[in-house]
Amino acid sequence: MFNVAPVHFIRDEESMERKTALYAEHVAAGARIVPFAGWLMPLSYGSELAEHRAVREDAGLFDVSHMGIADIEGEGAGNFLRRLLANDVARLTVPGQAQYGVMLNAEGGILDDLIVYYLAPGRYRVVINAARREADLNWMRRRGSAAVRIVEREDLALIAVQGPRARERSVVEFPEAIKGGVLDLKPFTAAERGDWMVARTGYTGEDGWEVMLPADRAPSLWRGLVSMGIRPCGLAARDSLRLEAGLNLYGQDMDEATHPYESNLGWTVALEPRDREFIGRDALERIKSEGPRRRLVGLVLRTRGVIRHGQVVRTADGSGVVTSGGFSPSLERSIALARIPAGEACEATVEIRGRAVAAAIVKPPFVRRGKLLVTLDNQT
Amino acid sequence: MSDIPTDLHYTETHEWLREEDDGSLLLGVTAHAVELLGDLVYVELPEPESELSGGEACAVVESTKAASDVYSPVNGVVEAVNEALNDSPELVNQDPYGAGWLVRIRPATTGSFDGLLDAGQYANHIESAG
């Protein structure tokens, strides 16, 4: 019955993939380990649906140490990032503030999406996708100067604790030095003490932390968080959570061939002030004045079935393609992100295994902070 | 390794067949398959009375990550399908050899299981497939 190649399920001790500092924890917990972006990562620890629900209703724990972390330092760091990123780090004025955005090529194509933390004058930290780490760092280094240092932080692990009860339940496990005051952090801000950084950010649509810490301290924090009843969650739950939250996945919902205005990311592009010359600006201004030709929308399947990546979508405005599809445990039906021609269409059909299945076109997110944001009640 | 019931017939593609007292066959997927697939979220079942050809897809099980065809190991006719899976596909995860059965088949030929594996052979098969 398998079209799932067994190679996805290897647990090979001699494989080329890298292991995070928490690999032994995952194996000991019985996780299904899969290669992902050059790393051996947990796909799930038994039931990805239960893990998904834990994050929506309570608290869940993710090892995301595969993501790239780099510190951008020096007196030129701010101006360097203002040229490199479509969002404007000059909007970060208080140390600890964070900003989501994209890095573009000259044509406005998306090289990666990332979070920038402003840590101190002349000191920023970026968190980038694992699969884009080398390409991003090469791109940055080629555009650097003597006034900028780019320091990759492979010495750090990254643990996300997500869910309505994640923050209060996890904070007791933090070191004394950083514990005080983190519960007062506002969304998209961070506190830093030594090599520890606690940020109120995430990729699930729920409240929570992303914690950066020395890799050799990660196993004891992980075990402490598990002992507080916080459920370990794998990549499968991370994917269904981010899809419900309407958050793009790089390489699927966006890539170098797509620009922010057709990726729901226009809000991350800072065209003001107009004299800031960031890479991709000219292309984006032209696209904006002409009007984007495509849009990234949400789909909610009207009947049973599961929408998958790559399936064809038909609308009154023309055909498009599913960029991410799956089952939404919160909505208990299939949802998707799809890129379709620009227009006003609000109904679509998805070609699922040879059948045309009806879907409503909606504006993501589907779920945020535990609340369902789309309903089909008045449409079916 | 999950327990493999000794009274069933197996395929290399991880289906199982159980011969019932009335000569009909129950078709399902193995615990090993379910373990690899993860949580099922949708099961597509054939129409009752539709004809099945051995080796051809007759159902689809979809997990959070992928859709997989389920092949009928025998020629026959669909006598019934497990309607409970429409609302509760997780039954396949919870009880793959019992409440998670998929299709009841009236086989064209009774008592013929040529080419199918017994529990020991199936255990060796999944062992060697790693």
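Start by selecting strand S2 of chain B, residues 15-19: this strand is mostly covered, with 4 of its 5 residues buried. Buried here means under 20% relative accessible area, with exposed over 50% and partly exposed in between (1.4 Å probe, protein chains only). Helices (H or I, at least four residues) and strands (E, at least two) are DSSP runs, numbered from the N terminus.

A quick word before moving on: this is a predicted model, where local features need pLDDT of at least 70, side-chain atom pairs count only at pLDDT 80 or more, and totals for chains, interfaces and linings use all residues. Residues are numbered from 1 along each chain as its sequence is written, chains are lettered from A and ligands numbered from 1 in the order in which they are written, and side-chain values use heavy atoms, leaving out hydrogens and water.

**Stop 1: the chain B hairpins**

Two strands count as paired if DSSP finds at least two bridges between them. Look for Tyr10(B) opposite Trp16(B). There are 4 residues between these strands, and His14(B) in this hairpin has a positive phi near 75°.

One pair to click on is Glu19(B) with its bridge partner Leu25(B). This hairpin has 5 residues between its strands, and Gly23(B) in the turn takes a positive phi of about 90°.

**Stop 2: an open sheet in chain A**

Over in chain A, 3 strands make an open sheet with mixed pairing, in the order S1-S3-S2. S1 (18-19) and S2 (32-36) of chain A are the edge strands with a single partner each, so one side of each has no neighbour in the sheet. Helix H8 of chain A (residues 235-244) packs on this sheet, touching S2 and S3 of chain A, and its direction makes about 70° with that of S3(A). Touching means heavy atoms within 4.5 Å; the axes are lines fitted to C-alpha atoms, for helices over the stretch in contact, and angles run from 0 to 180 degrees between N-to-C directions.

Back in the sheet, S1(A) and S3(A) (residues 39-44) run parallel, with 2 bridges between them. Arg18(A) has Trp39(A) as its bridge partner.

Colour H8(A) by burial: 9 of its 10 residues are buried, among them Leu235(A), Arg238(A) and Glu244(A). After the helix comes Gly246(A), with a positive phi near 70°.

**Stop 3**

The largest cavity has a volume of about 30 Å³. On a 1 Å grid over the protein atoms alone, a cavity is a set of points where a 1.4 Å probe fits but cannot get out, a pocket is an open set with protein on both sides within 12 Å along at least five of seven lines, and lining residues have an atom within 4 Å of a point. Grid points are joined across faces, edges and corners, and a volume is the space filled by probe spheres set on the points. Select Pro42(A), Phe62(A), Asp63(A), Val64(A), Cys233(A), Gly234(A), Leu235(A) and Arg238(A) to see the lining.

**Last stop: the second largest pocket**

This pocket holds about 420 Å³ of space. Of its 21 lining residues, Phe327(A), Glu332(A), Val41(B), Asp87(B) and Pro89(B) are the closest to its centre. S4(B) gives the largest share of the lining, 3 residues.
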